[in-house]
Amino acid sequence: MIIFIVISKIKERFKKKYEYTIYNNQIINLVVYADVKEIIIPAYIDCHKVVSIEYIGIHYDEINEIDCPLEYITIPQTIEKIDADAFNDCNNLKAIYVNNNPYYESIDGVLYNKDCTCLMKYPSHKDQYIIKDTVTKINDYTFYLCLDLKEIRIPDSVKEIGEKAFAYCWNLQDIHLSDNLEKIGSSAFYCCGHLQDIVLPSLIQVLEEEVFSECYELEKVVFNDNIIEIKDRAFSHCRKLEHIRLPRNVKSIGAETFYKCISLKSIDIPDNVQFIGEYAFSLCGCLESIRLPNLECISDAMFLHCKSLKEIVVPNSVKRIGYQAFGYCYKLEKVVLPDGLEVIDQYAFSHCVSLKEINIPDTTTKIGKGAFNDCYSLKTITIPQSVKRIDNIAFGGCGDLTFNVYFDSNGLLYCVKNDKKINQILK
(Lines give C-alpha, C1' and ligand atoms only; values in the text may rest on other atoms or scores of the structure.)
Protein backbone atom coordinates (compact mmCIF):
# COMPACT_ATOMS: atom_id res chain seq x y z
CA MET A 1 0.00 0.00 0.00
CA ILE A 2 1.28 3.48 -0.98
CA ILE A 3 0.44 6.43 1.25
CA PHE A 4 0.96 10.02 0.12
CA ILE A 5 1.84 12.28 3.04
CA VAL A 6 2.39 16.04 3.30
CA ILE A 7 4.12 17.35 6.41
CA SER A 8 5.84 20.42 7.89
CA LYS A 9 3.57 23.23 6.79
CA ILE A 10 5.32 26.57 6.72
CA LYS A 11 3.25 29.71 7.26
CA GLU A 12 5.68 32.34 5.96
CA ARG A 13 6.54 31.47 2.35
CA PHE A 14 5.85 27.89 1.41
CA LYS A 15 2.78 25.88 2.17
CA LYS A 16 4.88 22.69 2.45
CA LYS A 17 8.46 21.80 3.24
CA TYR A 18 8.37 18.14 2.26
CA GLU A 19 6.25 15.92 0.07
CA TYR A 20 6.94 12.23 -0.22
CA THR A 21 5.60 8.75 -0.73
CA ILE A 22 5.96 5.89 1.75
CA TYR A 23 6.53 2.48 0.21
CA ASN A 24 7.64 -0.59 2.13
CA ASN A 25 8.12 1.62 5.18
CA GLN A 26 10.66 3.79 3.31
CA ILE A 27 10.36 7.30 1.95
CA ILE A 28 10.71 7.53 -1.82
CA ASN A 29 10.31 10.45 -4.25
CA LEU A 30 11.16 13.03 -1.62
CA VAL A 31 10.35 16.60 -2.66
CA VAL A 32 12.01 19.39 -0.68
CA TYR A 33 10.82 23.00 -0.85
CA ALA A 34 13.71 25.21 0.19
CA ASP A 35 13.52 28.84 1.34
CA VAL A 36 17.00 28.97 2.90
CA LYS A 37 20.58 29.05 1.62
CA GLU A 38 21.63 25.73 3.09
CA ILE A 39 19.77 22.50 3.68
CA ILE A 40 20.71 19.11 5.09
CA ILE A 41 18.43 16.41 3.74
CA PRO A 42 17.23 14.29 6.67
CA ALA A 43 18.09 10.58 6.66
CA TYR A 44 14.79 9.84 8.43
CA ILE A 45 11.43 11.58 8.53
CA ASP A 46 8.97 10.40 11.17
CA CYS A 47 11.06 7.25 11.66
CA HIS A 48 10.91 6.43 7.93
CA LYS A 49 14.19 6.01 6.07
CA VAL A 50 14.63 8.46 3.17
CA VAL A 51 15.99 6.57 0.14
CA SER A 52 15.27 8.69 -2.97
CA ILE A 53 15.05 12.36 -3.95
CA GLU A 54 12.75 13.59 -6.71
CA TYR A 55 13.08 17.37 -6.48
CA ILE A 56 14.70 20.13 -4.46
CA GLY A 57 13.75 23.75 -5.09
CA ILE A 58 10.92 26.25 -5.20
CA HIS A 59 7.33 25.39 -4.39
CA TYR A 60 5.32 25.13 -7.61
CA ASP A 61 3.04 28.00 -6.50
CA GLU A 62 6.02 30.40 -6.62
CA ILE A 63 8.15 28.89 -9.37
CA ASN A 64 7.78 31.94 -11.65
CA GLU A 65 7.99 34.54 -8.89
CA ILE A 66 11.28 33.98 -7.06
CA ASP A 67 14.65 32.28 -7.45
CA CYS A 68 15.53 29.37 -5.24
CA PRO A 69 17.94 30.80 -2.63
CA LEU A 70 19.55 27.43 -1.96
CA GLU A 71 23.37 27.44 -2.18
CA TYR A 72 24.45 24.33 -0.28
CA ILE A 73 22.90 20.86 -0.07
CA THR A 74 24.02 17.90 2.02
CA ILE A 75 22.93 14.41 0.94
CA PRO A 76 22.60 11.84 3.78
CA GLN A 77 24.02 8.32 3.80
CA THR A 78 20.57 6.73 3.26
CA ILE A 79 19.94 8.09 -0.26
CA GLU A 80 20.08 5.45 -2.99
CA LYS A 81 18.63 7.38 -5.92
CA ILE A 82 18.48 11.02 -7.01
CA ASP A 83 16.44 11.99 -10.07
CA ALA A 84 18.57 13.53 -12.82
CA ASP A 85 16.51 16.73 -12.88
CA ALA A 86 16.16 17.02 -9.10
CA PHE A 87 18.30 20.18 -8.87
CA ASN A 88 17.12 21.97 -12.03
CA ASP A 89 15.57 24.90 -10.18
CA CYS A 90 18.53 25.39 -7.83
CA ASN A 91 20.02 28.19 -9.92
CA ASN A 92 22.13 29.62 -7.07
CA LEU A 93 23.69 26.33 -6.07
CA LYS A 94 27.37 26.48 -5.13
CA ALA A 95 28.06 23.03 -3.71
CA ILE A 96 26.55 19.61 -3.07
CA TYR A 97 27.99 17.66 -0.14
CA VAL A 98 27.60 13.96 0.59
CA ASN A 99 27.60 12.46 4.06
CA ASN A 100 29.23 9.00 3.99
CA ASN A 101 26.93 7.66 1.25
CA PRO A 102 27.60 4.29 -0.48
CA TYR A 103 26.12 5.47 -3.81
CA TYR A 104 27.32 9.07 -4.22
CA GLU A 105 30.50 11.09 -3.82
CA SER A 106 31.18 14.82 -3.65
CA ILE A 107 34.44 16.26 -4.99
CA ASP A 108 34.91 20.01 -4.55
CA GLY A 109 31.14 20.37 -4.26
CA VAL A 110 30.45 18.49 -7.52
CA LEU A 111 28.24 15.40 -7.32
CA TYR A 112 29.48 12.06 -8.76
CA ASN A 113 28.41 8.49 -8.35
CA LYS A 114 30.50 6.53 -5.85
CA ASP A 115 33.19 5.28 -8.22
CA CYS A 116 33.31 8.59 -10.12
CA THR A 117 32.40 7.05 -13.47
CA CYS A 118 29.29 9.26 -13.81
CA LEU A 119 29.24 13.02 -13.29
CA MET A 120 25.82 13.61 -11.73
CA LYS A 121 25.42 17.34 -11.00
CA TYR A 122 27.57 20.42 -11.37
CA PRO A 123 26.58 23.45 -9.25
CA SER A 124 25.53 26.38 -11.38
CA HIS A 125 27.83 29.02 -9.86
CA LYS A 126 31.15 27.82 -11.29
CA ASP A 127 32.62 29.20 -14.54
CA GLN A 128 35.02 26.47 -15.65
CA TYR A 129 35.72 22.85 -14.88
CA ILE A 130 37.98 19.96 -15.79
CA ILE A 131 36.08 16.69 -15.55
CA LYS A 132 37.82 13.78 -13.83
CA ASP A 133 39.34 11.28 -16.25
CA THR A 134 37.49 8.40 -14.55
CA VAL A 135 34.16 9.65 -15.90
CA THR A 136 32.53 7.65 -18.71
CA LYS A 137 29.13 9.38 -18.63
CA ILE A 138 27.91 12.92 -18.08
CA ASN A 139 24.41 12.43 -16.71
CA ASP A 140 21.16 14.01 -17.89
CA TYR A 141 20.87 17.67 -16.76
CA THR A 142 24.38 17.69 -15.23
CA PHE A 143 25.23 21.26 -16.28
CA TYR A 144 21.64 22.36 -16.89
CA LEU A 145 21.22 26.15 -16.56
CA CYS A 146 24.84 26.73 -15.52
CA LEU A 147 24.78 30.30 -16.76
CA ASP A 148 28.29 31.10 -15.49
CA LEU A 149 29.99 28.17 -17.22
CA LYS A 150 32.30 29.38 -20.00
CA GLU A 151 34.75 26.56 -20.61
CA ILE A 152 34.68 22.80 -20.17
CA ARG A 153 37.19 20.07 -20.92
CA ILE A 154 35.75 16.60 -21.46
CA PRO A 155 38.31 13.79 -21.09
CA ASP A 156 38.61 10.97 -23.62
CA SER A 157 37.21 8.57 -21.02
CA VAL A 158 33.70 10.02 -21.60
CA LYS A 159 31.55 7.89 -23.92
CA GLU A 160 28.13 9.42 -23.32
CA ILE A 161 26.61 12.84 -22.72
CA GLY A 162 23.05 12.70 -21.38
CA GLU A 163 19.87 14.56 -22.30
CA LYS A 164 19.98 18.32 -21.66
CA ALA A 165 23.37 17.86 -20.02
CA PHE A 166 24.52 21.37 -21.04
CA ALA A 167 21.13 22.91 -21.88
CA TYR A 168 20.87 26.65 -21.20
CA CYS A 169 24.61 27.05 -20.56
CA TRP A 170 24.22 30.43 -22.15
CA ASN A 171 27.83 31.61 -21.79
CA LEU A 172 29.53 28.36 -22.77
CA GLN A 173 31.96 29.27 -25.56
CA ASP A 174 34.61 26.60 -25.63
CA ILE A 175 34.07 22.86 -25.46
CA HIS A 176 36.24 19.99 -26.61
CA LEU A 177 34.35 16.72 -26.99
CA SER A 178 35.91 13.39 -26.08
CA ASP A 179 37.41 11.46 -29.02
CA ASN A 180 35.72 8.34 -27.63
CA LEU A 181 32.28 9.91 -27.35
CA GLU A 182 29.61 7.55 -28.72
CA LYS A 183 26.35 9.27 -27.83
CA ILE A 184 25.10 12.81 -27.28
CA GLY A 185 21.60 12.91 -25.79
CA SER A 186 18.67 14.96 -27.04
CA SER A 187 18.84 18.71 -26.29
CA ALA A 188 22.31 18.19 -24.81
CA PHE A 189 23.50 21.66 -25.91
CA TYR A 190 20.10 23.29 -26.29
CA CYS A 191 20.28 27.08 -26.06
CA CYS A 192 24.03 27.33 -25.54
CA GLY A 193 23.77 30.83 -26.88
CA HIS A 194 27.48 31.65 -27.23
CA LEU A 195 28.82 28.34 -28.54
CA GLN A 196 30.57 29.13 -31.83
CA ASP A 197 31.87 25.86 -33.24
CA ILE A 198 31.66 22.15 -32.65
CA VAL A 199 33.64 19.17 -33.93
CA LEU A 200 31.72 15.90 -33.79
CA PRO A 201 33.89 12.89 -32.86
CA SER A 202 34.13 9.94 -35.24
CA LEU A 203 32.09 7.49 -33.12
CA ILE A 204 28.94 9.61 -33.16
CA GLN A 205 26.40 8.09 -35.59
CA VAL A 206 23.14 9.82 -34.60
CA LEU A 207 22.47 13.45 -33.75
CA GLU A 208 19.48 13.43 -31.42
CA GLU A 209 16.53 15.84 -31.25
CA GLU A 210 17.39 19.50 -30.57
CA VAL A 211 20.97 18.61 -29.76
CA PHE A 212 22.27 22.04 -30.89
CA SER A 213 18.96 23.85 -31.26
CA GLU A 214 18.98 27.57 -30.47
CA CYS A 215 22.77 27.81 -30.39
CA TYR A 216 22.45 31.31 -31.80
CA GLU A 217 26.18 32.00 -32.30
CA LEU A 218 27.07 28.61 -33.79
CA GLU A 219 28.97 29.27 -37.02
CA LYS A 220 30.83 26.05 -37.78
CA VAL A 221 29.93 22.37 -37.48
CA VAL A 222 32.45 19.71 -38.47
CA PHE A 223 30.64 16.43 -39.08
CA ASN A 224 32.25 13.01 -39.09
CA ASP A 225 31.62 10.60 -41.99
CA ASN A 226 29.95 8.01 -39.74
CA ILE A 227 26.83 10.04 -39.01
CA ILE A 228 23.79 8.31 -40.53
CA GLU A 229 20.87 10.22 -38.98
CA ILE A 230 20.12 13.79 -37.95
CA LYS A 231 16.93 13.96 -35.89
CA ASP A 232 14.26 16.63 -35.49
CA ARG A 233 15.31 20.23 -34.79
CA ALA A 234 18.98 19.29 -34.33
CA PHE A 235 20.15 22.72 -35.58
CA SER A 236 16.95 24.75 -35.57
CA HIS A 237 17.33 28.48 -34.81
CA CYS A 238 21.12 28.40 -35.32
CA ARG A 239 21.06 31.90 -36.69
CA LYS A 240 24.72 32.22 -37.75
CA LEU A 241 25.15 28.97 -39.65
CA GLU A 242 25.94 29.90 -43.26
CA HIS A 243 27.32 26.76 -44.87
CA ILE A 244 26.69 23.10 -44.10
CA ARG A 245 28.35 20.09 -45.66
CA LEU A 246 26.60 16.93 -44.52
CA PRO A 247 28.62 13.70 -44.40
CA ARG A 248 28.22 11.19 -47.21
CA ASN A 249 26.58 8.44 -45.11
CA VAL A 250 23.61 10.45 -43.80
CA LYS A 251 20.33 8.76 -44.71
CA SER A 252 17.74 10.75 -42.77
CA ILE A 253 17.26 14.44 -41.92
CA GLY A 254 14.49 15.04 -39.38
CA ALA A 255 11.70 17.58 -39.17
CA GLU A 256 12.73 21.22 -38.59
CA THR A 257 16.41 20.22 -38.61
CA PHE A 258 17.53 23.59 -39.99
CA TYR A 259 14.33 25.50 -39.22
CA LYS A 260 14.89 29.26 -39.03
CA CYS A 261 18.63 29.09 -39.74
CA ILE A 262 18.24 32.57 -41.14
CA SER A 263 21.83 32.94 -42.42
CA LEU A 264 22.08 29.56 -44.15
CA LYS A 265 23.19 30.14 -47.74
CA SER A 266 24.23 26.69 -48.89
CA ILE A 267 23.94 23.09 -47.84
CA ASP A 268 25.44 20.01 -49.47
CA ILE A 269 23.09 17.05 -49.15
CA PRO A 270 24.59 13.66 -50.05
CA ASP A 271 22.92 11.26 -52.44
CA ASN A 272 22.41 8.69 -49.68
CA VAL A 273 19.73 10.79 -47.99
CA GLN A 274 16.37 9.02 -48.36
CA PHE A 275 14.18 11.20 -46.14
CA ILE A 276 13.95 14.88 -45.20
CA GLY A 277 11.28 15.83 -42.67
CA GLU A 278 8.68 18.58 -42.65
CA TYR A 279 9.80 22.18 -42.12
CA ALA A 280 13.43 21.02 -42.48
CA PHE A 281 14.56 24.27 -44.16
CA SER A 282 11.59 26.48 -43.41
CA LEU A 283 12.43 30.15 -42.83
CA CYS A 284 15.99 29.77 -44.14
CA GLY A 285 15.71 33.20 -45.68
CA CYS A 286 19.17 33.31 -47.29
CA LEU A 287 19.03 29.92 -49.02
CA GLU A 288 19.19 30.55 -52.78
CA SER A 289 19.56 27.07 -54.25
CA ILE A 290 19.77 23.46 -53.17
CA ARG A 291 20.31 20.12 -54.87
CA LEU A 292 18.00 17.45 -53.54
CA PRO A 293 18.74 13.71 -53.42
CA ASN A 294 16.39 10.96 -54.60
CA LEU A 295 13.54 11.46 -52.16
CA GLU A 296 10.13 9.87 -52.47
CA CYS A 297 8.37 13.05 -51.42
CA ILE A 298 8.99 16.70 -50.66
CA SER A 299 7.70 16.85 -47.10
CA ASP A 300 5.19 19.41 -45.85
CA ALA A 301 6.56 22.96 -45.56
CA MET A 302 10.10 21.78 -46.30
CA PHE A 303 11.03 25.14 -47.86
CA LEU A 304 8.23 27.30 -46.49
CA HIS A 305 9.23 31.00 -46.41
CA CYS A 306 12.61 30.44 -48.08
CA LYS A 307 12.31 33.90 -49.54
CA SER A 308 15.65 33.83 -51.44
CA LEU A 309 15.22 30.46 -53.13
CA LYS A 310 15.30 31.05 -56.89
CA GLU A 311 15.10 27.63 -58.49
CA ILE A 312 14.48 24.03 -57.65
CA VAL A 313 14.80 20.80 -59.60
CA VAL A 314 12.55 18.18 -58.03
CA PRO A 315 14.21 14.74 -58.25
CA ASN A 316 12.78 12.08 -60.58
CA SER A 317 12.01 9.84 -57.60
CA VAL A 318 9.50 12.26 -56.03
CA LYS A 319 5.84 11.18 -56.11
CA ARG A 320 4.35 13.87 -53.89
CA ILE A 321 5.02 17.53 -53.14
CA GLY A 322 3.64 18.21 -49.70
CA TYR A 323 1.51 20.86 -48.03
CA GLN A 324 3.12 24.33 -48.34
CA ALA A 325 6.37 22.67 -49.44
CA PHE A 326 7.45 25.82 -51.32
CA GLY A 327 4.88 28.24 -49.94
CA TYR A 328 5.89 31.91 -49.78
CA CYS A 329 9.11 31.40 -51.73
CA TYR A 330 8.76 34.87 -53.17
CA LYS A 331 11.80 34.74 -55.49
CA LEU A 332 11.23 31.25 -56.85
CA GLU A 333 11.35 31.63 -60.64
CA LYS A 334 12.12 28.17 -61.95
CA VAL A 335 10.66 24.83 -60.92
CA VAL A 336 11.33 21.57 -62.76
CA LEU A 337 8.81 18.86 -61.90
CA PRO A 338 9.65 15.22 -62.66
CA ASP A 339 7.86 12.62 -64.71
CA GLY A 340 6.33 10.32 -62.13
CA LEU A 341 5.02 13.08 -59.89
CA GLU A 342 1.50 12.16 -58.76
CA VAL A 343 0.35 14.71 -56.17
CA ILE A 344 0.84 18.45 -55.78
CA ASP A 345 -0.64 18.98 -52.35
CA GLN A 346 -2.43 21.90 -50.70
CA TYR A 347 -0.70 25.27 -51.01
CA ALA A 348 2.47 23.58 -52.30
CA PHE A 349 3.52 26.67 -54.30
CA SER A 350 1.23 29.23 -52.70
CA HIS A 351 2.46 32.84 -52.96
CA CYS A 352 5.37 32.01 -55.25
CA VAL A 353 4.84 35.40 -56.82
CA SER A 354 7.87 35.26 -59.16
CA LEU A 355 6.97 31.92 -60.73
CA LYS A 356 6.19 32.56 -64.39
CA GLU A 357 5.83 29.06 -65.78
CA ILE A 358 5.60 25.47 -64.67
CA ASN A 359 5.07 22.22 -66.53
CA ILE A 360 2.83 19.73 -64.77
CA PRO A 361 3.83 16.16 -65.68
CA ASP A 362 1.30 13.87 -67.32
CA THR A 363 1.61 11.49 -64.37
CA THR A 364 0.02 13.97 -61.96
CA THR A 365 -3.40 12.94 -60.64
CA LYS A 366 -4.14 15.59 -57.99
CA ILE A 367 -3.63 19.33 -57.63
CA GLY A 368 -4.58 20.30 -54.08
CA LYS A 369 -6.40 23.25 -52.60
CA GLY A 370 -4.49 26.49 -53.12
CA ALA A 371 -1.56 24.65 -54.72
CA PHE A 372 -0.70 27.69 -56.87
CA ASN A 373 -2.69 30.26 -54.92
CA ASP A 374 -1.54 33.85 -55.56
CA CYS A 375 1.12 32.84 -58.08
CA TYR A 376 0.10 35.91 -60.00
CA SER A 377 3.07 35.89 -62.39
CA LEU A 378 1.90 32.64 -63.98
CA LYS A 379 0.61 33.29 -67.47
CA THR A 380 -0.19 29.92 -69.04
CA ILE A 381 -0.40 26.38 -67.69
CA THR A 382 -1.31 23.05 -69.24
CA ILE A 383 -3.41 20.62 -67.22
CA PRO A 384 -2.64 17.07 -68.38
CA GLN A 385 -5.33 14.45 -68.92
CA SER A 386 -3.97 12.41 -66.02
CA VAL A 387 -5.29 14.94 -63.47
CA LYS A 388 -8.39 13.48 -61.83
CA ARG A 389 -8.86 16.06 -59.09
CA ILE A 390 -8.33 19.82 -58.87
CA ASP A 391 -9.36 21.25 -55.51
CA ASN A 392 -10.90 24.64 -54.74
CA ILE A 393 -8.79 27.76 -55.33
CA ALA A 394 -5.97 25.59 -56.68
CA PHE A 395 -5.14 28.58 -58.90
CA GLY A 396 -6.84 31.29 -56.85
CA GLY A 397 -5.43 34.79 -57.22
CA CYS A 398 -3.74 33.99 -60.55
CA GLY A 399 -5.59 36.77 -62.36
CA ASP A 400 -3.77 36.63 -65.70
CA LEU A 401 -3.48 32.87 -65.92
CA THR A 402 -4.89 31.05 -68.94
CA PHE A 403 -5.25 27.29 -69.25
CA ASN A 404 -4.48 24.72 -71.89
CA VAL A 405 -6.84 21.82 -71.21
CA TYR A 406 -7.86 18.61 -72.90
CA PHE A 407 -11.30 18.00 -74.28
CA ASP A 408 -13.51 15.97 -71.96
CA SER A 409 -11.01 16.28 -69.07
CA ASN A 410 -11.11 17.34 -65.42
CA GLY A 411 -9.03 20.35 -66.40
CA LEU A 412 -11.75 21.57 -68.74
CA LEU A 413 -14.43 20.89 -66.13
CA TYR A 414 -12.45 22.89 -63.52
CA CYS A 415 -12.13 25.87 -65.85
CA VAL A 416 -15.82 25.89 -66.71
CA LYS A 417 -16.98 25.53 -63.09
CA ASN A 418 -14.58 28.19 -61.80
CA ASP A 419 -14.86 30.62 -64.70
CA LYS A 420 -11.18 30.31 -65.66
CA LYS A 421 -9.77 31.58 -68.95
CA ILE A 422 -9.10 28.85 -71.51
CA ASN A 423 -6.25 29.50 -73.90
CA GLN A 424 -6.53 26.27 -75.87
CA ILE A 425 -8.52 23.05 -75.84
CA LEU A 426 -6.28 20.13 -76.72
CA LYS A 427 -7.17 16.78 -78.21
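This is a predicted model: local features need pLDDT of at least 70, side-chain atom pairs count only at pLDDT 80 or more; totals for chains, interfaces and linings use all residues.
Residues are numbered from 1 along each chain as its sequence is written, and side-chain values use heavy atoms, with hydrogens and water left out.

The whole structure holds 25 aromatic pairs (rings of Phe, Tyr and Trp, the last by its six-membered ring, with centres within 6.5 Å; planes under 30 degrees apart are stacked, over 60 edge-to-face, the rest tilted). Among them, Phe143 and Phe166 are stacked, at 4.6 Å centre to centre and 5° between the planes. The rings of Phe258 and Phe281 have centres 5.8 Å apart and planes at 5°, so this pair is stacked. Phe258 and Phe281 are both buried.

## A charge over a ring

Arg239 lies over the face of Tyr216, 4.1 Å from the ring centre (the criterion is NZ of Lys or CZ of Arg within 6 Å of the ring centre and within 35 degrees of the ring normal).

## A parallel sheet

Strands S4, S8 and S10 form an open sheet in that order, with parallel pairing (strands are DSSP E runs of at least two residues, numbered from the N terminus; two strands pair if DSSP finds at least two bridges between them). S8 (residues 72-75) is joined to S10 by four bridges, and Ile73 stands opposite Ile96 in S10.

Conventions: Buried means under 20% relative accessible area, exposed over 50%, partly exposed in between (1.4 Å probe, protein chains only).
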